[in-house]
Structures are given as C-alpha cells and as structure tokens.
Amino acid sequence: MMTNKISGSKNIPYRLIEQSDETDRLVIVLPGAGYTTQAPLLHFTTGVFYSKGFDVLHINYQFSRQEMAALNEKDFANDVQQTIENATKGKKYSKYYVVAKSIGTIALSNLQDHPTLKEAKLVWLTPLLQRSDVFNAMVRSENKGLCMIGDKDSCYIEERFKKLKNNQNLILNVVEGGNHSLELDNEPIKSIEILKNIISTINDF
C-alpha cells in the first residue's frame, strides 16, 4: 500500500492511498463529523477497495461543534470538490465510487451531479434523511446507489425511507437495532457480525 500526499484545500486535509501501479479506479471516502476514516466501517471499506485495485482518497475534514452548527452545505461541497480536484490532479481515473457517512452525505448530495461522477456508484451510509437536500438528492439520484441505515438511528425517518424505495437505482438496507454507527448498543460481538455483513455487501456492490 502506497500512501501519498497528506495535504489540504481550504483547510480540508486529504490522504490519497495509491496502488503500486497506476490505476484508473478511484474511491472517494467522505467521513462523518466524528466518524473518521479510521473508524471501523470506513477503515474496512478502504481495505476492500484497495484490494480491488482502487486508489483510495480520504477527505479528512474536521469540524468543531460551532462550525457544524454554522455549516453551509454549498460551501462545504465546493470545498470538498476543490479538495478532490487538487488530490487527483494529473490522474486519469475513469471508474469512481463515492462512500459517504453521515455529514459526508451532505457533500455527496451536492457532488453527485458533477460530470466526473456521472457514472459513479454511490454508497450512502447513515444518510441524514432529516435534511431535505440529502433526502431529495437520493430520491432523484440517477446513480447506482447502496444505502445502509439503522432503524435506531435518529436520522432514520420511516416515511422518507419508504419513499426512497421508489428510486430503482437504490439498494436499501435497514440494520435492525442499528444506531448512527451501524452498531448495536451494548452488543459488541453482534456489532462485529453486522460490520462483517455491511462490508460484504459493499464488497459485492
């Protein structure tokens, strides 16, 4: 595994993990506000894609509670897009995946219409369904998508989730008892089994 370029744009650091040989495949990982790329779901997702021959781009934004409260989704998405462009300058990628967790789905909602990502496959992990921009983006998405959310997650809104079923581009999975980390409260062993199933589903997508 080759790690290259830990840098940043507009205060967003990134890490590009490159294959030893040049590849045309890239997965972009957009973490949660407190759920970093080192947390289990994204750590193992990184391993899955790297083993498939993808370069992996981690967008490592960090926000204080005050910054979160004042977050402007358009500015946030523009900063993420600029960071992606800086990180991939000179590269010739043609196959893309984007994996977004929680707040990362805000950025993905605004980025999915970018020409570069027109054919990208999108993984929505615990999307913020309470936000109209995220919900509407998923409803109208023309990209092949995989959505995973727990029914004990405060972001899970059953009425909105049912409406997502009308979009045949989306594969929807509900983790029974799953919280916002897609884990079961006070059930570490069962949570590991759930993690295994989630990573296997992403691997097959």
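This is a predicted model: local features need pLDDT of at least 70, side-chain atom pairs count only at pLDDT 80 or more; totals for chains, interfaces and linings use all residues.
1. The lining of the second largest pocket divides by class into seven charged, four polar and one nonpolar residue.

2. Thr105, Ile106 and Ser109 of helix 4 meet Asp133, Val134, Ala137 and Arg140 of helix 5. By class, this contact of helix 4 with helix 5 holds three nonpolar, two polar and two charged residues.

3. Now the geometry of that pair. The axes of helix 4 and helix 5 (residues 132-140) come within 9 Å and cross at roughly 50°. An angle from 65 to 115 degrees would count as roughly perpendicular. Helix 4 and helix 5 are therefore oblique to each other. Helix 4 passes helix 5 in a left-handed crossing.

4. Helix 4 has a contact with helix 3 as well. The axes of helix 3 (residues 73-87) and helix 4 (residues 104-111) come within 9 Å, crossing at roughly 80°. Helix 3 and helix 4 are therefore roughly perpendicular to each other.

5. Which residues make the contact of helix 3 with helix 4? Helix 3 brings Glu73, Lys74, Phe76, Ala77, Val80, Gln81 and Ile84. Helix 4 brings Ile106, Ala107, Asn110 and Leu111. The residues of this contact divide into seven nonpolar, two polar and two charged.

Methods
Residues are numbered from 1 along each chain as its sequence is written. Side-chain values use heavy atoms; hydrogens and water are left out. Axes are lines fitted to C-alpha atoms, for helices over the stretch in contact, and angles run from 0 to 180 degrees between N-to-C directions. Helices (H or I, at least four residues) and strands (E, at least two) are DSSP runs, numbered from the N terminus. Angles under 35 degrees count as roughly parallel, over 145 as roughly antiparallel, 65 to 115 as roughly perpendicular and the rest as oblique. Contact means heavy atoms within 4.5 Å. Ala, Val, Leu, Ile, Met, Phe, Trp, Tyr, Cys and Pro count as nonpolar, Asp, Glu, Lys and Arg as charged, and the others, Gly among them, as polar. A crossing is left-handed if the near helix is turned anticlockwise from the far one by less than a right angle, and right-handed if clockwise.
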